[in-house]
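Reader: Could you walk me through this one? I'd like to begin with the charged pairs and then move on to the fold.

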Amino acid sequence: SMVKNQQKAAAQRLGHDGEETVAHWYRKAGYTIAERNWRCFEGELDIIAQRGRTTVVCEVKTRRSSRSMDPLLAITRAKQSKVRTAAYRWLDEHPSSGRVRFDIALVVNGRVQIIEGAF
């Protein structure tokens, strides 16, 4: 239906804006954005950022209200393992000798909260 399509488009816009906000946060913190929305068979990685010898794989969750704020509820174990598998696929294609960190970014009404090393 048209309403469903509009809702879907709004959700995609919200998600895109959230990812923009998070990419900006990482840049301001001195990271380079290596990838956004990188896809492979195993899934999709929202943001891959690098600073020094650290590669950060960040899963972005965007919400309109802070009611659903608990980020650890936002990303299930199954999703974590998908992200991890996809990340190792990316790292196979982009070898580096540093460490990998998995972050969760929560964006609520344009405010960013980053949980470093979330999983």
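Author: Keeping in mind that this is a predicted model, a search of the whole structure finds 6 salt bridges.

Reader: Ok, take Glu20 then, which residue does it pair with, and how far apart are the closest N and O atoms?

Author: Glu20 pairs with Arg36, and their closest N and O atoms are 3.0 Å apart.

Reader: What about Arg89, what is its partner?

Author: Arg89 forms a salt bridge with Glu42, with the closest N and O atoms 2.7 Å apart. Distant parts of the chain are linked by this pair, since Arg89 sits in helix H3 while Glu42 sits in the loop between E1 and E2, 47 residues away.

Reader: And is Glu42 buried or exposed?

Author: Glu42 has a relative accessible area of 19%, and because the cut-off for buried is under 20%, Glu42 counts as buried. Arg89, by contrast, is partly exposed at 35%.

Reader: Which residues are linked in a network of salt bridges?

Author: That network is made up of Arg101, Asp103 and Glu116.

Reader: Switching to H3 itself, how many residues does it have, and what does it reach end to end?

Author: Helix H3 covers residues 77–93, which is 17 residues, and from its first C-alpha to its last it reaches 25 Å, close to the 24 Å expected at 1.5 Å a residue.

Reader: Which of its residues are buried?

Author: The buried residues in H3 are Gln80, Val83, Ala86, Ala87, Trp90 and Leu91. Viewed down the helix axis they fall within an arc of 145°, so they line one face of H3. Exposed residues Arg77, Ala78, Asp92 and Glu93 are carried on the face turned away from that buried side.

Reader: What do the buried ones pack against?

Author: They pack against four strands, namely E1 (32–40), E2 (43–51), E3 (54–63) and E4 (99–108).

Reader: Last topic, what's the overall pattern along the sequence?

Author: The protein has 3 helices and 5 strands, and read along the sequence they follow the pattern α-β-β-β-α-α-β-β. Its radius of gyration is 15 Å, close to the 14 Å that the globule rule gives for 119 residues, so the protein is as compact as a globular protein of that length. Among contacts with a separation of 6 or more, 56% come from residues 24 or more positions apart.

How values were computed: Residues are numbered from 1 along each chain as its sequence is written. This is a predicted model: local features need pLDDT of at least 70, side-chain atom pairs count only at pLDDT 80 or more; totals for chains, interfaces and linings use all residues. Side-chain values use heavy atoms; hydrogens and water are left out. Helices (H or I, at least four residues) and strands (E, at least two) are DSSP runs, numbered from the N terminus. The expected span of a helix is 1.5 Å times one less than its number of residues. Buried means under 20% relative accessible area, exposed over 50%, partly exposed in between (1.4 Å probe, protein chains only). The arc is that of the directions from the helix axis to the C-beta atoms. Contact means heavy atoms within 4.5 Å. The radius of gyration is taken over C-alpha atoms; the globule rule is 2.2 Å times the number of residues to the power 0.38. A salt bridge is a side-chain nitrogen of Lys or Arg within 4 Å of a carboxyl oxygen of Asp or Glu.
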